Amino acid sequence: MTELTPDIGAYVSIDKEALESIFRGLKQEGYTLIGPTLGEGAIVYDEIDGMDDLPIGWTDRQEAATYRLHRRDDQAVFGYVVGPHSWKRFLFPPVQKLMTIRKQNGSFSVEPHVEEPPRYAFIGVRGCELQAIHIQDRVFLGGPYQDPDYKARRQLAFVLAVNCTEPGATCFCASMDTGPKAGPGFDLGLTELDDVFVIEVGSEMGRRIMSGVRWRPAGAFELQTMRERLTQAEKSMGRHMDISDLPALLYQNLEHPRWDQVAERCLSCANCTMVCPTCFCSDVQEVSDLLGETNERVRVWDSCFSLQFSHVHGGNIRPHVRSRYRQWMTHKLASWVDQFGTLGCVGCGRCITWCPVGIDITEEITAIRGEV
Amino acid sequence: MLDFMNPSTLSETMSRTYPMLMHPARITRIREEAYAIATYELAFEDESVRLSYHFQPGQFNMLYLPGIGEAPISLSSDPAQPGVMGHTIRYAGNVTQAIGRLQVGDVIGVRGPYGQPWPIDQLRGQDVCIVTGGIGLAPLRPVIYAILQQRQDFGRVFLLYGARTPADMLYTDEFEAWEKRDIRVLQTVDRAAPTWKGHVGVVPMLFYHIRLDPRKTVVLTCGPEIMMHFVIYEALARRIPKERIFVSLERNMKCGIGLCGHCQLGPTFVCKDGPVYPYAAIEPFFAVEDF
């Protein structure tokens, strides 16, 4: 069988139906498939069983504060961009039990919540999203303290990346240098052409999965088409952000009048932080039984847009919407660089699409640059 | 990309090294300090935890009560005796109010210590000017203990301390001992009582009663932010460089380990990059309202 195993770095082609045998191979390796599927009136990420669960023939039309599903006039398998979910909900779950504390004999015991981490295969990770995962790696694994649950899930995860050939209207990954081609770090990198998938093999596990698939070396015409589509995608981004000197720009404009204007529109609803694939803030809640004998510490996603987020005795550090929006955007595009050596934005456009009043982070940067 | 894929086994990864686990500690002593403020001395129940625990002046612990939650509290005791962890607590939030209902022998969960300490080594050979208000003296008391431990290593030492009323002052029964060891204590209150012999007025005004040598003075300050703004103003006015002014900040610290995001101040996380900062490091952000 060795001659049927492509090398790492090789580009191969498969018929579209052969994606099913990739899925089968992943399941045989013990992976739970997580991929795009129709749900809640959108394309969301959930457990899938096979190709039938993918939103084949569907697409999404997005604009600021707008998201609509539409039928395509072809049977494209990955003919849409990113929805309200991101992969962080599987690596950094919205609700995560940390430990159980039981009162006993006038003291208490502390028992960490240890579970066999899930073995996920992420199907359809876009370039922006792969970069978002790398950013969260730095947040949760790059400092003096690591998040052990994130680490276990991340180490086990298989990434089947999908290169975007049809960017959405709120996409700006080209500005952020995170797409449309998914960067390194995937196990398999897929580009959808009209009749075939071109697949780049990115890892040893990727090779192993491909050994059970009917593949052939990608032809010159296929590679050429792939490159043209990606170049075309890069040029057809719906949005653009000038990222030059970003940290300095924001640090020097902490009192810019634009913050007052955006605060008049912002509802401080926290949607942008929930859909953002890099936002990592969390709170820990105390969940007790009625007697207070058994108590669980449960980590939940939190947002810098909530009033109590910055609460200290005597008041809140950021009492106004202006200060909270400024904190969020300054964190994403300035202080994130100081903290983690990378911008906190990947250009996926989710915060623009899912903002109920259509606040557009690219437009805000343009305004602060004084270019409107 | 980070390289984290290989090293540890899963069981190792998910082992009891989870950084947010707390250890039970028993209250060994409670000392009333002022109205609604008391110092709780805690000792870990587990001997190996107790023996391996050390802290530096300015660091804090997360204190936990089952069914209530966690709160970050500074260590206010002598770092040379780490087996006894002193926390001076004002009954303010839900956790500290619940701690106020506890008695000697009751158990509190403790994890820590966290945060950057006061720069004790940088103080050696220097004059030290400690400026603080109210409960802000708590995280600075370990500095005084550290200085007293090797008093000859330090130059002149001032404590400029203020509170709302004389009854609100902490640790007053120790002042005499400190003064005997050549620590000059200047006190001020907002509202005096009949027997009050100290100053009346805000803390930064105490600068006008001492003479500092800008070539060799380090200023340490902790208190309400508005007080610290004026302390910094007075220190800079005396030509003390901003690299030698240290402040201790309060933010909403939930995890203590830089993962939960709550305590950000610009590029820093107060829980791990602070709470003690050289003023030079946070100057651009300290004065920004609501930042």
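In this predicted model, the centres of domain 1 and domain 2 of chain A, taken over C-alpha atoms, are separated by 28 Å. Domain 1 covers 2-92 + 116-235 of chain A, while domain 2 takes in 246-281 + 303-368.

Let's look at where these two domains meet. On the domain 1 side, 28 residues are in contact with 24 residues of domain 2 of chain A. Elements giving two or more residues to that side of domain 1 are β5 (66-71), α3 (127-141) and α5 (173-176) of chain A. Its largest share, eight residues, comes from α3(A).

Next comes the meeting of the two chains: 52 residues of chain A are in contact with 39 residues of chain B. At least two residues each on the chain A side are supplied by β6 (95-104), β7 (107-112), α3, α4 (148-156), β13 (282-288), β15 (311-312) and α11 (321-340) of chain A.

Here is the make-up of both contact sides:

| Side | Nonpolar | Polar | Charged |
|---|---|---|---|
| Domain 1 of chain A, touching domain 2 of chain A | 15 nonpolar residues | 10 polar residues | three charged residues |
| Chain A, touching chain B | 24 nonpolar residues | 19 polar residues | nine charged residues |

Now for chain B itself, which has nine helices and 15 strands. Its radius of gyration is 20 Å, close to the 19 Å given by the globule rule for 291 residues, so chain B is as compact as a globular protein of that length. Along the principal axes, the C-alpha atoms of chain B fill a box of roughly 60 × 50 × 40 Å. Of the 291 residues in chain B, 48% are buried. Among contacts in chain B with a separation of 6 or more, 70% are between residues 24 or more positions apart.

Notes
Residues are numbered from 1 along each chain as its sequence is written. Chains are lettered from A and ligands numbered from 1 in the order in which they are written. This is a predicted model: local features need pLDDT of at least 70, side-chain atom pairs count only at pLDDT 80 or more; totals for chains, interfaces and linings use all residues. Domain bounds come from an automatic or database domain assignment. Two residues are in contact if their C-beta atoms, placed from the backbone, lie within 7 Å. Helices (H or I, at least four residues) and strands (E, at least two) are DSSP runs, numbered from the N terminus. Ala, Val, Leu, Ile, Met, Phe, Trp, Tyr, Cys and Pro count as nonpolar, Asp, Glu, Lys and Arg as charged, and the others, Gly among them, as polar. The radius of gyration is taken over C-alpha atoms; the globule rule is 2.2 Å times the number of residues to the power 0.38. A residue is buried if 20 or more other C-beta atoms lie within 10 Å of its own, exposed if 12 or fewer, and partly exposed in between; C-beta atoms are placed from the backbone.
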